[in-house]
Amino acid sequence: MSSLVLRGHGSALVIDLSNSIPTVVHWGADLGPDAPDSTLSTFPVPHSNNDLPQRQELVPQSSSGWRGRPALEGHRPGGAAFSPRLRTTGSRKVGESGAELTLEDAAAGLRLVVELSLTGEGMLRLRSVLTNIGESDYSVDALRSVLPVGTGAAEILDLTGRWIREQHPQRQRIRQGTWLREYRHGRTGHDSSLFTAVGTPGFTNRTGRVWATHFGYSGNRETYVEKTATGPALLGSGELFAPGELVLGAGKSYTTPWTYAAFSSTGLDGITATFHAWMRGRDGHPTSPRPVVLNTWEAVYFDHRLDQLVELAERAKQIGVERFVLDDGWFMHRRNDLAGLGDWEVDPAVWPNGLAPLIDAVTSRGMQFGLWVEPEMVNEDSDVIRAHPDWISGPGDGVIPAEWRHQQVLDLVNPDAWKYIYDRIDALLRDNNISYLKWDQNRDLTEMGHDGAPSASAQTLAAYRLFDELRLAHPTVEIESCSSGGARVDLGILERTDRVWASDCNDALERQTIQRWTQAILPPELVGTHVGPTTAHTTGRTHTLAFRAITAMFGHFGMEWDVREIEGETLDELKQAVAIYKQYRPLIHSGVAVHGDIADPAYLLTGSVAQDASAALFAFVCVATSFDELPGRIALPGLDPEATYRIERIFPTLTNPFIDHGNVEWLDGASATGLFLSEVGLAMPILSPETGILVALTRA
Ligand code: GLA
């Protein structure tokens, strides 16, 4: 092969292989099946530079002239083989959409195989396998996957956050230098950006050219945008290793996690469309209707009493709940968060007859039963650690890391500890009728070590193996990835779980942002979204039920609230919201996600349009006071321009003092073409801050 052209869904990756250095000629819009002339793949030689033609290398190396971050950093004893000369020795197509490039440096004793594919949904996937073909040990300091972006990229958008405020956007200009995000949490991290996007100036939800990557891994890692004086911006990602953490013996290999990448010429929604479509096409992507959840955490916390929980289950049933999840507090010594993690036996002091009476109360009412666990963690105050103090992961010599939420990390690299925890969770699932695990992980994994050597990477893989083996043994049990809210949200964990808990914050205003950006990559059916208590426990803000329900609607809907306390209109309104979710979940969980470009930051528009554009559901919400008296006309994107749609405001329908219906005629059922709705838009009602409406459209 003298070139490689991968194409899918309007995007393409073109690599020139005519030289022994694989050169990225283009990543961006599809240019057709033919590769451009290979003379177009190099740039002139600048003054004061290597006397080598400048290229955008797929595997940047100092030995071919690159002076930025190299793809591979490592060495043999004494620093030997520090500057590899990896050159192409083979290339082959793999299936319809993939390819494999082999690079070798025989003198350094290294072989690197880069695996690439570009799927029909437009998803570009990339990873490398490094093999030590020499005789001595080779220490790997870094192995990065790198993609140069196309013409015109000028701005970076990524996300950041903290507990109860995950996935908030931050934007900046691309400048010379490296915008580096390092995540040393041992888990994905609350500040973790679900994607790194660069784009043309001012790119929006619906406009501009955008290149975005996601690194599908739940451990220590780095992602970056790098701009040197000689080339365009690069998007890079790789695992972060502690000194000496990854040493390849002779003949041994290391495989990087996958980097996922997408290009869009229609703004961020184009990136979202590719990720959602690709994720929905995965084997094992949930296909059954996502059940309405009631989670007990913010309803009762650690106060577990059978009679109260049965009352809660009865009320949940009346409301339309389909899955009842018992949260933290059911196992030995777990009356608060100071003790018990690791002792995964039902505590007879609280549950004298085990969990069966509650499970029966739930399942006999036609609901699934779910249970909270945190398998990777232990409290020092637990029977398991009293018996095995050496099962705490740490830097060695019995040194214990600082506690975090009073807990430590179970050393899963220790086969005995791994087997212990596997057996405990396996037994729980065998002995009880459990359909769902809320699998939590509530601390950063600082100072991860096994036998005195760093083990963060091995711990992450051991945790993955725990999920994988338990799933194999219990294939019908669904698993949610929770990590103090949204600290483990990534495509690595989603290979082995069925949804994520995006945040411990159930404040609908905060959730508008958290969910919008979590769902920039993840389809809504994978993101847990709960109606919380009237006054949010994490922020103290009070919101109408309507606003809380509208916010929870665009996700995997549930509630986390003591719903025994509500009566009358409130109860009716919650039942109505549940019924609307059940009616619209087939659309929300299969449709194309769209986001309005609204000049006024006081308003947000989120929608889901059926794949055939026959129907759509939009949430229009007000998140702040506006300078303007009226929201004016708001464009509804993503519709079929030629179709005529009937418009209906479906929620809230109860009298709501915060919504002025008086001046909006279309609320009574107007019709308009998709072209009108996307170009002119709908005159929206005047909303008070922190309220919203749901509007349904049906093709006439
Ligand atoms: C974490 C989770 C919460 C809840 C508690 C229980 O904080 O994110 O949802 O399960 O643990 O201790």
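I began at strand S17, where I found that Val247 is the bridge partner of Ser139. This is a predicted model, in which local features need pLDDT of at least 70 and side-chain atom pairs count only at pLDDT 80 or more, while totals for chains, interfaces and linings use all residues. Residues are numbered from 1 along each chain as its sequence is written, and side-chain values use heavy atoms, with hydrogens and water left out.

**Entry on strand S9**

I noted for my own use that helices (H or I, at least four residues) and strands (E, at least two) are DSSP runs, numbered from the N terminus, and that two strands pair if DSSP finds at least two bridges between them. S9 and S17 (residues 246-248) run antiparallel and are joined by three bridges. I then looked up strand S16 (residues 234-239), which pairs with S9 in the antiparallel sense over five bridges, with Ser145 opposite Ser237. Strand S4 (residues 72-75) also pairs with S9 in the antiparallel sense, over four bridges, and there Glu73 stands opposite Ala142. Ten of the eleven residues of S9 (residues 138-148) are buried, so this strand is largely enclosed by the rest of the structure; buried means under 20% relative accessible area, exposed over 50%, and partly exposed in between, with a 1.4 Å probe and protein chains only.

**Entry on the open sheet**

I turned next to the three strands that form an open sheet in the order S1-S2-S3, with antiparallel pairing. Strand S1 (3-8) and strand S3 (23-29) are its edge strands, each pairing on one side only, and the twist averages 10° from one strand to the next. Six bridges hold the antiparallel pair of S2 (residues 11-16) and S3, and I saw that Asp16 has Thr23 in S3 as its bridge partner.

**Entry on the barrel**

I followed eight strands that close into a barrel in the order S20-S21-S22-S25-S28-S29-S30-S31, with parallel pairing. Neighbouring strands of this sheet are turned by 30° against each other on average, direction ignored. Strand S30 (residues 527-531) and strand S31 (residues 556-559) run parallel and are joined by four bridges, with Val531 opposite Met559 in S31.

**Entry on the ligand**

I counted on the term "near" here, which asks that a heavy atom of the residue lie within 4 Å of the molecule. The ligand is surrounded by 13 residues, of which the closest are Asp327, Asp328, Arg405, Lys438 and Asp504. A polar side-chain atom of Asp327 lies 2.7 Å from an oxygen atom of the ligand, an N or O atom in the side chain of Lys438 is 2.7 Å from a ligand oxygen atom, and for a polar side-chain atom of Asp440 I noted 3.0 Å to an oxygen atom of the ligand. The protein covers 96% of the 300 Å² of accessible area that the ligand has on its own.

Phe651 and Pro652 are joined by a cis peptide bond with omega about -5°, and Pro652 is found in the loop between strand S36 (644-651) and strand S37 (659-660). Tyr301, although not a glycine, has a positive phi of about 50°; I found Tyr301 in the loop between helix H2 (297-300) and helix H3 (306-319), and at 30% relative accessibility Tyr301 counts as partly exposed. Asp451 has a positive phi of about 55°, and Asp451 is exposed, with a relative accessible area of 73%.

Methods. Axes fitted to C-alpha atoms, helices over the stretch in contact; angles between N-to-C directions. Polar contact = N/O pair within 3.5 Å; in protein donor to acceptor, adjacent residues only side chain to side chain. Areas by Shrake-Rupley, 256 points an atom, 1.4 Å probe, with all protein chains shown as cover.
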